[in-house]
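User: I have a structure to read and I am new to this. Please take me through it one feature at a time.

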Amino acid sequence: MILKELYIKNLATISEIRFNLSPNLNLITGETGAGKSILVDALKILSGEKVDYDLIRFGENNLIVEGVFEELTGDVKYFLKEKGLEREDNFLIIRREIYKEKPQRIYINDNIANLKNLEFIGSLIISIFGQEEEKSFFDENVYLRLLDLYSKIETKEISYLFNLIKEEEKKLQNLIEKNKDIDEMREFYSFSIQEIEKANLKESEEEELKSLKFQLKKKEEILKSLNFFLNIIEGDEKSIIRDLKEAEKSIMPLTENLEIFKELINHIKTAREELEEAYFISSKEASHFQEKTYSLDEVESRLALIENLKKKYGKTIKEILEYKKKAKKELENIVNLNEKVKEVEKELIEKRKKYDDLAKSLNELRVKNSKIFQEKINKLFPKLNLKNAKFEIEIIYNENMFSPYGKNEVIFKVQTNLGEAMLPIGKIASGGELSRIHLAIQEVIEARKGKVLVFDEVDQGIGGKTAFSVGKILKEIAKKDQVLCVSHLPQVAIWADNHMKVSKIVEENRTITVLENLKGERRVKEIARMLGGEEYESAIKHAKELLESTGEKI
């Protein structure tokens, strides 16, 4: 994960700045009160922390912080995809706008997002180490994850098994709950199936019955209309069809010589055939009506039965029949429920045994690697001016514990002064000590963590060789993960891949904070200033010597 670009507007004394960062070690220096920590504040805002409205520049109504990230980790990509926030170019752009008089606005890849999502993604992309800043060190699992990261321990298999067991337990619980009401359910489904089968429903039946109901209600009217039509066409005294046939006979001889009569006889023939068809249909329907044995009461009773079944089992006959299929399946399941309970219980026993075996293996690996880990940390402490400090890893194997990471509780403890008790790192009061302990941990863990690491107050209360060592360690860490560090000491600043100076200037009677990327002589002068005398040749010479000691060519 790399923060490629940062944009800040109206934050404290910053009017507006946009700057690029190195993928390695970025150092921020400047005189006391120049606003070095404002950049750290900007990253806190970007990672979802609560914002004090006093940070909005005096006279302005809002502040804006925007960060452009690249080389996204798998966790970040998964989160963005899950939330529908990914971009085709695989960049992550976070923008947060804080207003005095209206709600804040948060954008993730140009999509409106909420604070909860920002906080979550912020925890994946940025770690800020300083006075009570690294929230993750108060997370009960962070020690375990750091130890696993150092040990190159993968927990995917046990996490997958953990989720499977959770699913199986839920499945078993559902089966047990069903088993409690098994007799009632068996009776209910049996009755439902019998009731539907007894009705002997057909999918198209309801529409047919509704049509039949209408016909039966209008029976006399329909028969009267049909008989009236039949009498007109083929009555006792007159037959239109017979007359049309006679007309055809009389006109037929004329068709040999006169074309118009050919056309005329075709029309007469067509009319006769259509009337014959109409007569046939009407006669058949009239006969059918007289033969019908269904009564209106029977049809209405059948429709009422269907309506009653619809209220119970579905909106249509098709849905009722589908319900019957489901009910039969459920009945089969009920019959086999006890067998299924035993089957799931057996599967759970097997999975839990496999989980326990994995948890024990992980515990052995963690115990073994923790010894080497704490040795390396303790060797680093003197270099970081933590001479009397002692680091210890406590690993507890809890047989009753069940988590995606196994059965271990891991606590990083430290004794900062002789004679004091060993306490969890999160309870250390000194921001400088806490930052340097973090620094040691990050250095020892060789694996890439995939976060932008921000160190504030890391050089508090140190100097000389210790500061030189801190800078060198920061340089090493920055080969694995991008680092942003606020520093007061030249021995730290000389290690920067990207050295930025924060200054205050007055412009149009307003104080503003500006940022300058230092290179060449400008950087030498800043190191000399930090040494206490940029105007002195000796300080300039010393600054050059310090920079050259890191391998940099001046």
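Analyst: Buried means under 20% relative accessible area, exposed means over 50%, and partly exposed is in between, using a 1.4 Å probe and protein chains only. The model is predicted, so local features need pLDDT of at least 70 and side-chain atom pairs count only at pLDDT 80 or more, while totals for chains, interfaces and linings use all residues. Residues are numbered from 1 along each chain as its sequence is written, and side-chain values use heavy atoms, with hydrogens and water left out.

User: Where does Asn385 lie?

Analyst: Asn385 sits in the loop between helix 13 and strand 9. Helices (H or I, at least four residues) and strands (E, at least two) are DSSP runs, numbered from the N terminus. Now the backbone: most residues other than glycine have a negative phi. Asn385 is not a glycine, yet its phi is positive, about 60°. Asn109 also has a positive phi, of about 50°, without being a glycine. Its place is the loop between strand 6 (105-108) and strand 7 (111-113), and at 5% relative accessibility Asn109 counts as buried.

User: How do I check the length of a helix?

Analyst: Compare the distance between its ends with an expected span, which is 1.5 Å times one less than its number of residues. Helix 6 (residues 182-199) has 18 residues and should span 26 Å; its end C-alpha atoms are 26 Å apart, which agrees.

User: Which residues of helix 6 are buried?

Analyst: The buried residues of helix 6 are Ile182, Met185, Tyr189, Ser192, Ile193, Glu195, Ile196 and Ala199. After helix 6 comes Asn200, whose phi is positive, near 50°.

User: How many salt bridges are there?

Analyst: First the idea: side chains of opposite charge can pair when their charged atoms come close. A salt bridge is counted when a side-chain nitrogen of Lys or Arg is within 4 Å of a carboxyl oxygen of Asp or Glu. The whole structure holds 26 salt bridges. One of them joins the side chains of Lys310 and Glu206, at 3.0 Å from N to O. Lys310 is in helix 11 (residues 296-313) and Glu206 in helix 7 (residues 205-217), so the pair ties together parts 104 residues apart in sequence. Both residues, Lys310 and Glu206, are buried.

User: What separates Glu307 and Lys310?

Analyst: About one helical turn, because Glu307 and Lys310 are 3 residues apart in helix 11. Their side chains also meet in a salt bridge, at 3.5 Å from N to O. Glu307 is partly exposed, at 36% relative accessible area, whereas Lys310 is buried, at 17%.

User: Can you show me a pair that involves a strand?

Analyst: Lys501 and Glu526 form a salt bridge of 3.4 Å, N to O. Lys501 lies in strand 14 (residues 498-507) and Glu526 in helix 17 (residues 520-531), so the pair links parts that are 25 residues apart in sequence. Both Lys501 and Glu526 are buried. Salt bridges can also share partners: Glu5, Arg18, Glu66, Arg95 and Glu97 are joined that way into one network.

User: How many aromatic pairs are there?

Analyst: Rings of Phe, Tyr and Trp (its six-membered ring) pair if their centres lie within 6.5 Å; planes under 30 degrees apart count as stacked, over 60 as edge-to-face and the rest as tilted. By this rule there are 12 aromatic pairs. The rings of Phe188 and Tyr189 have centres 5.4 Å apart and planes at 65°, so this pair is edge-to-face. Phe188 is partly exposed, at 47% relative accessible area, while Tyr189 is buried, at 15%. Phe381 and Phe391 form another edge-to-face pair, 6.4 Å centre to centre with 85° between the planes. Phe381 is buried at 0% relative accessibility, and Phe391 is buried at 1%. Ring pairs link Tyr143, Tyr150, Phe373, Phe381, Phe391 and Phe412 into a cluster.

User: Which residues touch the most other members in the largest nonpolar core?

Analyst: In soluble globular proteins, nonpolar side chains tend to be buried together. A nonpolar core is a set of buried Ala, Val, Leu, Ile, Met, Phe, Trp, Tyr and Cys residues joined through side-chain atoms within 4.5 Å. The largest one has 57 residues, of which Phe373, Phe412, Ile425 and Leu474 touch the most other members. Apart from this core lies another, of 46 residues, including Ala42, Leu46, Leu80 and Leu124.
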